[in-house]
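Me: I have a two-chain model open and would like to talk it through with you. Could we go step by step, starting with the sheets?

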Amino acid sequence: MVLIVNTTKDTAITERLKELTEQKGIETDIVEAADMNISHCIGCNYCWLKTPGVCSIKDDYEEILKKIIKADDLWVISDTALGFINHKGKNIFDRILPIATMYLKFYRDQMRHVTRYSKSPDIGLIVTGEADMDYLDKWVYRCALNFESTALGAFGKDELEEAVSCM
Amino acid sequence: MHVMIINGSPRVKKYSNTDKILNKFTEGLAEQGGTYEQYEVSDRKQWDDIREAFRKADNILIAIPLYVENIPGLLLEFLETVTPREGDCDIAYILQGGFAEGAQLRCGEKYLVMLSKHLGCRYKGTLVKGDNFSIRFFEGDMQDRVTGPYKRMGELFAQRGDFDDKECKKFTGPEIFPVHIRILLGVMFKTVGRIMFNKLAKSWGCEKPLNYKPYGT
C-alpha cells in the first residue's frame, strides 16, 4: 500500500494522484492532513526510552504513524518555505521517530538506529512551491537511510506522472 | 562583538542539550569580550521578541539540534514568520546531533548555507559536531567533558566573527569511523550499549522492552 500524506490544501494533487494510481492498479491510502492537528516533535525521547514506539504527543499524528508502519511507500506532499519543505511537511518526518528504537548499529558506513518494525516504508516527496530540487533529492535520500529503506525522490507538482512511476 | 543567539531546539530549556552547549560557548565568547542575548524557540511567548531582535541584530547565531537531516520543524515554523534582512547582517550556526560522525550533519549544514540567503544574511559558517546525545543524561564533570570543548569555540568566534577556521573544522572530529572502529563499536552497541539504554529506560519508568512494537510486527 502506498500512503500519501497531503499537508497542503491543494486537493487537486491528490485527486490527480488517485486517478494515476488507479490506472496503474496501485493501492493507495490518501490522508488529507492540512487541517489535522499535528504538532511538531518536542524531542522528549519518550518514544525511545519511556514508552517505546509510542509518541507522548496525543494528536492526529498517531493515526498516520499506524499507517506508516504498514505502508510500502510513504509519500509526503508539502508546500515549501525558505528553499525547503515547510514546517507542516517537516513535522510529518520529525514525528516518525517512534519507528526507530533507541538501539544503535552501523548501517553501511554510518551509525543508525535499529528500526522497530520488520519493514520501513520507502520515502518520496512531492512539493507544491519553489525549492532547490537537487537538495530535496539528497535530503530524501538521507531520510531513507535512517529507515534502511529506499529514497524514491523529490518531485514538483507538475511531475506527478514521474512520481507515480516510482510508486 | 554583540551576538544575538537563538537556541533552535524544540526541547524545553531545562532538558535542551543545545542550551548546555551554548552555556559553554557563551562562557568562551564572554571571556574574549563578546556580549550576547539568548532566546529559546521552544518558548512561543518569546517569538515576538526574537523577531524584533532578528530585525536589528548585526550578528546572529542559531544553535540547532539536527532533526531528520535538517532543522527541527518548530524552528522552521518560527523562521517562516521572520522578515528577511537585506544582506546587512552576519549569520552563523552551531549544528549538533546525536550520531558521532561529521558526515551525519553535512546534509543539514548544506541547507544552512541556503537558509542564510533566504534570510537575507551573510553566511559566516557552521560549527558542526555530533556525539552529543548523552548531554541530557550527564551532570557535573561528566556533562562538562562533552560540552567543555565548546568554550574554546566561543573564544574563537568572539575573535573571528565566523567559523571559517581550521580549528573549528577540526572540532567536528572524524567524518566517518575507520572500519576497525566500526566493528568494535558495532559489538559494543549490541552488548553494553543495549544494557546501558535498558538501564536508562528503567530509570525513566519504562515498563516495556525498548524494541517493543505497539502497532504491529
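Predicted model: local features only at pLDDT ≥ 70, side-chain atom pairs only at ≥ 80, totals over all residues.

Me: Which residue is the bridge partner of Asp90(B)?
Reply: Start with strand β4 of chain B, residues 90-96, which pairs with β5(B) in the parallel sense over six bridges. The partner of Asp90(B) lies in β5(B), and it is Arg122(B).

Me: Why is one side of β2 and of β9 in chain A left without a neighbour in the sheet?
Reply: Chain A has an open sheet of five strands, paired in parallel and ordered β2-β1-β3-β8-β9. β2 (28-32) and β9 (151-156) of chain A are found at its edges, so one side of each lacks a neighbour there: each has a single partner strand.

Me: What angle does the direction of helix α1 of chain A make with that of β2(A)?
Reply: This helix, residues 11-23, packs on the sheet and touches β1 (2-6), β2, β3 and β8 of chain A. Its direction and that of β2(A) make about 175 degrees.

Me: Now to where the chains meet. Which helix gives the most to the side of chain B that touches chain A?
Reply: The contact involves 48 residues of chain B and 40 residues of chain A. On the chain B side, α3 (73-79), α4 (106-118) and α8 (179-203) each supply at least two residues. With eight residues, the one that gives the most is α8(B).

Me: How many residues on that side of chain B are nonpolar?
Reply: Sorting that side by class gives 10 charged and 11 polar residues. The nonpolar count is 27.

Me: How far apart are the end C-alpha atoms of α8(B)?
Reply: The helix has 25 residues, and at 1.5 Å a residue it should span 36 Å. There is also a kink of about 45 degrees, centred on Phe189(B).

Me: What distance separates the centres of the two domains of chain B?
Reply: The domain assignment gives domain 1 (2-171) and domain 2 (177-217). Taken over C-alpha atoms, their centres are separated by 29 Å.

Key
Residues numbered from 1 in each chain as written. Chains lettered and ligands numbered in written order. Contact = placed C-beta atoms within 7 Å. Helix = DSSP H or I, 4+ residues; strand = E, 2+ residues; numbered from the N terminus. Nonpolar A, V, L, I, M, F, W, Y, C, P; charged D, E, K, R; others polar. Expected span 1.5 Å × (residues − 1). Bend = angle between axes of the 7 residues up to and from the residue. Domains from an automatic or database assignment. Pairing = 2+ DSSP bridges. Axes fitted to C-alpha atoms, helices over the stretch in contact; angles between N-to-C directions.
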